[in-house]
Amino acid sequence: MPWTYLFRVKASGMLSIQRSIMLTLSLLVALFILGMWLMSSLNLGFAQGAMSELRQRQITDTFYANLGRINAHHHQMEQNTEDLARLGELYHRLYPSPGRFSAVQLRLSLKQTLADFPDAYGSAILYAPGAIGQAAFGMRAYRDVSEIRTESAGTDFHTRDWYKTIVRDLSEDGSLVRSYHWTSAYYKNDTGNAVISLSTLMHSDDGQPLGIAVTDWGTDEVVGLVSRVNVTPGTFSFLLDKENRNLSSLALAENVQRAQRLIESITSGKLQTLLPEKGPDSTRQQSASAMQQLKLTVDGEDYALFFSYTQAGMVFGIGVPQKEIDAVLTPMRDSNLRIVALIGSVLLLLSALILYMVGSTLRQLRTLYTDPLTGLPNRERLLVDLSATRAASLILLNIDDFKELNDFYGHQCGDHVIKLLAQALQRYLKLQPNGASRRLYRMPADELAIWIPGEHSDAHLQTKLDKLMTFVGELRIDWEGQNISLHVSMGLASTRLPDGSQLPAELLLPSANIALKQARLTQNSYLIYDPVHRARENYEYNLIWANKLRTALDEKRIVPFFQPIIDVRTGRILKFECLARMIDEAGEPISPAQFLPVAKKIRLYRYITRCMVEQCFARFADNHYEFSLNLSCEDLLDPQLCAEIIGRLQNSGMGDRVIFEILESEGIENYESVRLFIDKVKALGCRIAIDDFGTGYSNFEHLLRLNVDLIKIDGSLIRQLDTDPNAVTLTRGIVRFASELGMQTVAEFVHSSTIYDQVKTLGIDYAQGACIGMPAAALVTEINLR
């Protein structure tokens, strides 16, 4: 109502004016209250939606993390079963007929295989009739209370229905590609335990089935594996086998009756019917099937079920009480009701409070999705955006040597670099075609992410990466008068894979991260994610061995083995080569080929070298033998490690008995640093040997520049001395060349007496190999030429 109208009313109408003013004020108050109520409701709805989405994502991430853990265990089971099958196939080739020695060997091998895979309850190798003799033949191993026991499998297992079913199912396609058969849970009478069995066929060299290799997974271990899920206090997890039997963390619940009702509700729900149908390649489809959700009500309480197929065709799921999911929203709802109730009585105070709460909520939401340093959307925002993405590419950019930059200039400089780089990239993206549609994100630490919508070819993406790499390389950042140049590594993942298939947008970030890690490991500027390279599997393999290696170093299970070296002229053992071995939990040595490549990738190689130097010096302190230690180029270029070695030589006085073998001879580039170390240790009496001589063209330069004392002739030549005249000629030339330079020679891989005679005839000074003695934990000083 216009105020001019109120003042034009006559004095006799004052009462009407007051009523009008009151009505106007009442309308204003009502509109204000309604506006506040609407604002409060909208704010509550938005906040509830955001919190519900975050809660749902937390549960989903937890589900997929545990599904991945179970699938990784399935993969380990399949790998172990494949190893059993290969063992059985090797046994068939070596011992085609039965015999006591072969059976004993099989028993020991089967027992060792089970000991190497502690997650398995039992294993077996079962040969069909005709594979080993006329009768069926097999051997089983299983874990007892305190030991691993083995027993014969009997001679009638091939007539059992379960055996025929497994062989039939695995032989249907007639190919030699390794396939697997998972059973449902069943009770095993001979061991008194319930298990799930995994089987695969063994084939002869001509492709005929020999029988099956079997790994048993105890249901107790299944329940233990499934139970390691933690979302809310009332969360439970379960695994349904192919017969809909339930293996669940509920088996450990205190309320047995309630747990039983939950189990019955899950099994009666027939969750398999709600998942995508299994195609011809069932394992691959099952492991890739999306998570499904289902509401379940038991004893009046609602549960949210999340479930999907595992790699083995079982159904893994978790159940979360709905009230615990909603618990995070309840305080917000109560607070909103109190606010609405107080609006009418304390209008001004409530208005101020609501405005404050709205502003605070908006600030919290901004903080939740915004990086405070750069003002860019952060990782959480990227995850939200990816969930709504169909076709796009994601570039993950990492600043090389950022830690050294922080250490040298300080963290303020690091923040300054990231902020200026982000600003430069924003300007760069805006200048690109369709730049307005591209988004830049700040990731944790020293990483940035670039989101590019749409599908693009690999060639187009490589062009973008090359231009981006050039742009960053030309950036110059000033910090307190210092000009800082940047180098970056990048990983790219696209929803359109190189083979034409599609990658889910949710996997863009982990896939780009894998590509980035591979680029850094292979010393490339960038890489585009391609599942053909099996980077994800290699990453998991490296992670497993990295953990094993760190544990072995912590538990001092990296030890030296000693291989004797014989003086060919006198026939006496005068030296030993010290070789690194990892001792597993069962006390068995592991070849360095298994762990040294991983050690180099994760920068633990120097710790292995340090461990070997310490133990070998202690081992040879009380005897007169010479000993050789292998040093890589990384070792020789590590100033701290070299200083420790020289200090130990000076304190021990053993320099005249130490030989350093330089490994990876073709990778030596920094001769000055390497020669500096050589000169220092030779001044203390040490000698230098070049390992694997004869395998490349650069070795002769090493001999002339590194002041070498011994040449170790590579085994690829020595092994052929009795069959290849060219190998004899090359070896004779190396011996003559060494003699003229005043160097001694050592023959590696002398595996037979015939080779040893050739070595002696050629005038080689020393020899080592299987003919003389294999590496062992103890010093073998007796000669036993074989």
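Modeller: Two strands count as paired if DSSP finds at least two bridges between them; strands (E, at least two residues) and helices (H or I, at least four) are DSSP runs, numbered from the N terminus. This is a predicted model: local features need pLDDT of at least 70, side-chain atom pairs count only at pLDDT 80 or more, and totals for chains, interfaces and linings use all residues. Residues are numbered from 1 along each chain as its sequence is written, and side-chain values use heavy atoms, with hydrogens and water left out.

Colleague: Okay, which residue in E25 is the bridge partner of Phe660?

Modeller: Strand E24 (residues 658–662) runs parallel to E25, and four bridges join them. Phe660's bridge partner in E25 is Ile688.

Colleague: And which residue in E26 is the bridge partner of Ile690?

Modeller: E25 is also joined to strand E26 (residues 710–713), again running parallel, by three bridges. For Ile690, the bridge partner in E26 is Ile711.

Colleague: How many of the seven residues of E25 are buried?

Modeller: Buried means under 20% relative accessible area, exposed is over 50%, and partly exposed is in between (1.4 Å probe, protein chains only). By that rule E25 (residues 687–693) is mostly covered, and its count of buried residues is six.

Colleague: Over to Ser123: is it buried or exposed?

Modeller: Ser123 sits in strand E1 (residues 122–127). Leaving out residues up to four places away in sequence, Ser123 touches Leu84, Met139 and Ala141, among others, where contact means heavy atoms within 4.5 Å. Its relative accessible area is 3%, so Ser123 is buried.

Colleague: What separates the C-alpha atoms of Ala141 and Leu108?

Modeller: Ala141 belongs to strand E2 (residues 137–143), and it counts as buried at 3% relative accessibility. Along the chain, Ala141 and Leu108 are 33 residues apart, and their C-alpha atoms are separated by 9.7 Å.

Colleague: Last one: is Leu34 buried or partly exposed?

Modeller: Leu34 is in helix H2 (residues 14–94). Its relative accessible area is 42%, so Leu34 is partly exposed.
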